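Take a walk through this chain, one side chain at a time. Keep the structure open as you read.

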Amino acid sequence: MLARCSILGVLTLVASTRPTPSAPRYSLTTWGAISLATAGNEARLGLVPMQVHGRAMLMLSLGANDPRASLMIYLPGDRVPAPGRYRIGESWDPAPSGDLVLHATLVAGSPERPTGWFEGEAGWVTIGVGTDGAVTGEFEISARGFLSVNPDDEGRRVTVRGSFQAERDRLVAVRGPAR
């Protein structure tokens, strides 16, 4: 009887020391052409099903169904890049230096009723990987675009700042250089 209790105690201890999966979450705040703050649990990193500009692409989606705003950050390649700080660029082309450049799009409003569309021009994203494989990070992005009330004025500027802990799609490799 004592042996059974001891085994049960050891199994309970081992089970309780396993890392628990972190819940996905994000927060973002904007100012400039549009000011808002939102947070939620829709934070996901997945492989885009088709190649973009001739290469594989990952998409970090924050708040896809949020009625206030959503942010998409595109990472070239099919693997989560090594932990570090990466530049946001307005071009989809790779940097001449070979450094990884990310692309970002902010949609203000809901997918059904967008109030603005902004493309990242500059900024940064830090990327890390938690012990459970979740992709974590922070960002600050300067973007330019338009508000839906005047889509011809594409010179409106907005800054987006926030953080995330994203669930990754099972097809996305956790570590390694992006291709």
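S61 has a relative accessibility of 12%, under the 20% limit, so S61 counts as buried. This is a predicted model. S61 belongs to strand β4, which covers residues 57-62. What does S61 touch, leaving aside residues up to four places away in sequence? The contacts are E42, A43, R44 and L71.

One of those contacts, R44, leads on to the charged pairs. Side chains of opposite charge can pair when their charged atoms come close. The structure holds six salt bridges. R44 makes one of them with E167, with 2.8 Å between the closest N and O atoms. This pair links distant parts of the chain. R44 lies in strand β3 (residues 43-47), E167 lies in strand β10, and 123 residues separate them. Are these two partners buried or partly exposed? R44 has a relative accessible area of 36%, so R44 is partly exposed. E167, at 41%, also counts as partly exposed.

Strand β10 also supplies R157. R157 forms a salt bridge with E121, and their closest N and O atoms are 2.5 Å apart. E121 sits in strand β8 (residues 114-129), so the bridge ties together parts that are 36 residues apart in sequence. E121 is partly exposed, with a relative accessible area of 21%. R157 is partly exposed too, at 48%.

Another salt bridge joins D66 and R68. Here the closest N and O atoms are 3.2 Å apart. D66 has 5% relative accessibility, so D66 counts as buried.

Now turn to the rings. How many aromatic pairs does a search of the whole structure find? The search finds one. The ring centres of F139 and F164 are 6.4 Å apart, and their planes meet at 20 degrees, so the pair is stacked. The cut-off for stacking is under 30 degrees. F139 lies in strand β9 (residues 135-147), and F164 lies in strand β10 (residues 156-168). The two are 25 residues apart, and the pair links distant parts of the chain. F139 has 0% relative accessibility, so F139 counts as buried. F164 is buried as well, at 5%.

One more ring takes part in a contact with a charge. The charged end of R85 sits over the ring of W124, 4.0 Å from the ring's centre.

Terms used:
Residues are numbered from 1 along each chain as its sequence is written. This is a predicted model: local features need pLDDT of at least 70, side-chain atom pairs count only at pLDDT 80 or more; totals for chains, interfaces and linings use all residues. Side-chain values use heavy atoms; hydrogens and water are left out. Rings of Phe, Tyr and Trp (its six-membered ring) pair if their centres lie within 6.5 Å; planes under 30 degrees apart count as stacked, over 60 as edge-to-face and the rest as tilted. Helices (H or I, at least four residues) and strands (E, at least two) are DSSP runs, numbered from the N terminus. Buried means under 20% relative accessible area, exposed over 50%, partly exposed in between (1.4 Å probe, protein chains only). A charge sits over a ring if NZ of Lys or CZ of Arg is within 6 Å of the ring centre and within 35 degrees of the ring normal. Contact means heavy atoms within 4.5 Å. A salt bridge is a side-chain nitrogen of Lys or Arg within 4 Å of a carboxyl oxygen of Asp or Glu.
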